[in-house]
Amino acid sequence: MSTRDEIESVEDNGVSLSMNPKKFILWLFIVSIVMIFVSLTSAYIVRQAEGNWKLFELPSIFLYSTIVLLMSSATMHWGYVNAKNDELQKLKIAIGSSLFLGILFLWMQMEGWKELVSNNIFFSFSNPSEAFLYVLTGLHAFHLVSGLIFIIIVLISSFKHNIHAKNLAQYEICLTYWHFLDGLWLYLYIFLMINR
Amino acid sequence: MATVDLQIHSHEVHAHDHHEHHEQSFIRKYIFSEDHKIIAKQFLISGMFWAILGGGMSMLFRLQLGFPDANLDWLKPLLGEWIENGKMNPEFYLALVTMHGTIMVFFVLTAGLSGTFSNFLIPLQIGARDMASGFLNMLSYWFFFASSVIMFVSIFIETGPASGGWVIYPPLSALPQAMSGSGLGMTLWLCSMSLFIVSSLLGSINYITTVINLRTKGMSFLRLPLTIWAFLITAIIGVLSFPVLFSAALLLIFDRSFGTSFYLSEIYIAGEALHNVGGSPVLFQHLFWFLGHPEVYIVLLPALGITSEIIATNSRKPIFGYKAMIGSILGIAFLSFIVWAHHMFVTGMNPFLGSIFMLLTLVIAVPSAVKAFNYIATLWRGNIVFTPAMLFSIGLVSYFISGGLTGLILGNAALDIQLHDTYFVVAHFHLVMGTASFFGMVAGIYHWFPKMFGRMMDARLGYIHFWFTFIGAYLVFFPMHYIGIAGFPRRYYSHTGFDAFSTFTDLNQFISVAAFLTFAVQFLFLFNFIYSIFKGRKASSNPWYSNTLEWTTPVNPGHGNWPGEVPTVYRWPYDYSKVGADDDFIPQNVPLSATLSSNLEHEKDLQKVEQIDISSPNAQ
């Protein structure tokens, strides 16, 4: 441990430290991601109100991908319970299955885009209503990839037995981020269903 | 296995911090440094580089505006093919204006100002060893650096840098056919700004986390110096508004390169219809100004925070209305998010909507006036020490008032329709946002130079710098009001083509000459800055007799800022000239029990609590 850390760990008992700074940083990241999607969905509504808006059906697979993503959130949470109880074998299974479900979700999104393309709904050279769908789902998928990378990192630390009842911070941060990505998709899915 | 692991994990967690243990190499210490003070200096030097470049560009287009008939062949060695037959290429003029705006708003007054002073002062003034995440802080600088390199490269490409104005309205910026700058130059602009947004977000997130989580013992929110309040709120505005610029830029990138039609609709170029149908250029303006307006306060608030601190210190008086100052910062920040459409009064918006935005805009005058009043009340009957930093802070107050007043005029939808996009607007924002923030930045450099470099800047050169800059900037921007009221539009390459404006030729010449002189004086400052780093008078640890915590560190604070324990805070930062005190200042780390003669009634109660704290064995 470096001298600076030693000094800090002594001073960490001070009153002002209200929250793990890394968790706080994550929440601020989430705020900025929220702002991206808030602005894009507002732009969507504003643009829609101007008329000349093509109507089409969302790919049916999005419903199933939503369920898959919800399941991955559940397995992540199951992992958290296991980590708290020091059930490290089950923890690995939980993280592994979350990773699998996350990748499955991405694959299903791809299938959804293929379905759109086969229905002549394109990103380029198309009505903004079509392009917006790709932007919203694509940007969410991009953030989901960052979440998957995080899950892989957590999976590696679980194999090194670095996640357990007394060392939960990293897992908790990953869990919060993953739940957020899940909630974000739910918001986008419902938003797109309502404002087609 | 699990049980074994429980013992070792604490080492594992800190494994990534191990490098700080060893003597650092030059590269780790000065280049890829995670120390907030080094990162602050990196931002400062980069900001100054950009300021010279951005300022230099304004000299070139002032040359064109002031002397439209002059032969500019002598600039050929510098500008090459952009000078054609002794004249500046009109598209290059537009590129200069665009780059000047982009550089000054983002690279100088956002990165150079917030990046420098938030990084430098937040840990020092709240009593923290460093930022919450040194690594993210380092990333923030290097993202800014990468963004700077791309923007710099874009200046030298053959088709010229982005030229559609710093607001990059589509369709002008979206179609490469529209102007040469909308080709590769615009692509590089968007790449650069995307990296800039990442840098700004990383920085802001770090600032907020540090202020909220890493304050030293006793440093409650109501004991924070106003600088920290300003930096905190600035960072919050940044986290909320920069992602929106990212959205706007992302859709523009798709329109430019991927054939979508978010902002483009039914455009004919050279008789041929483009494929884009259904887009809305006004949508871009909404998204852009949702960042664009808060950005104004991202630029201004840190300068106001710095000024509050400097004025209180050098008036030897407590800041007038500490809580009102915090309230007005919060008020300005809140209002900044709901006034963006006042930039768009002429887009044909619903007049009722226009009235709402007008009302909200005019409400900003209230917190702004509170701030101006509090500055003046702090100065009033103070025991003023006229250091160069103090002069620049007073200068800021002057510019803030004179520039802010025209904001009331421009905020009126009916008046704005006449004045929109004229030099009146240019005069307004250069005074209230450009010059005022620049003065705040320079004041900050003069004031915290001793803490940054352990030496003093030369005060006499500082006075010369101040008076020439103060008078010069007024001479530059004040006449622009008249030209603007007469209807002279901004961004025009030449005014000699219109009879109505030829009467302003001499006024334009006057502005240009004043601008050249003002710009030249800045080199005096630059000389003073560089000379003082190496040869300046050695500073004492508290040269301005200030109360805040950064002055309790050694003259050259090392890694971790305080060699021993971080000081505990017992009072607010503005105990200047307190009745009954031995000195005219009481630093924040002096306990109330040490200043019995000057304690006020409510402090006597606090002091009892404080003593229990100290005497109890469980006290931290």
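Of the 196 residues of chain A, 32% count as buried, a residue being buried if 20 or more other C-beta atoms, placed from the backbone, lie within 10 Å of its own. This is a predicted model, in which local features need pLDDT of at least 70, side-chain atom pairs count only at pLDDT 80 or more, and totals for chains, interfaces and linings use all residues. Residues are numbered from 1 along each chain as its sequence is written, while chains are lettered from A and ligands numbered from 1 in the order in which they are written.

**Chain A**
- Chain A has 6 helices and 0 strands, where helices (H or I, at least four residues) and strands (E, at least two) are DSSP runs numbered from the N terminus.
- The C-alpha trace of chain A spans about 65 × 35 × 25 Å along its principal axes.

**The largest nonpolar core**
- A nonpolar core is a set of buried Ala, Val, Leu, Ile, Met, Phe, Trp, Tyr and Cys residues joined through C-beta atoms within 7 Å, and in the largest one, with 209 residues, B:Leu232 and B:Ala436 touch the most other members.
- Helix H5 (residues 90–126) of chain B gives the most to this core, contributing 22 residues.

**Confidence**
- The model scores ipTM 0.89 and pTM 0.91.
- Chain B averages a pLDDT of 90, with 95% of the residues scoring at least 70, pLDDT being the predictor's confidence in each residue, from 0 to 100.
- Over residues 1–21 of chain B, however, pLDDT stays under 50.
- Where pLDDT is low, the predicted coordinates should not be read in detail.

Methods: A residue is buried if 20 or more other C-beta atoms lie within 10 Å of its own, exposed if 12 or fewer, and partly exposed in between; C-beta atoms are placed from the backbone. Two residues are in contact if their C-beta atoms, placed from the backbone, lie within 7 Å.
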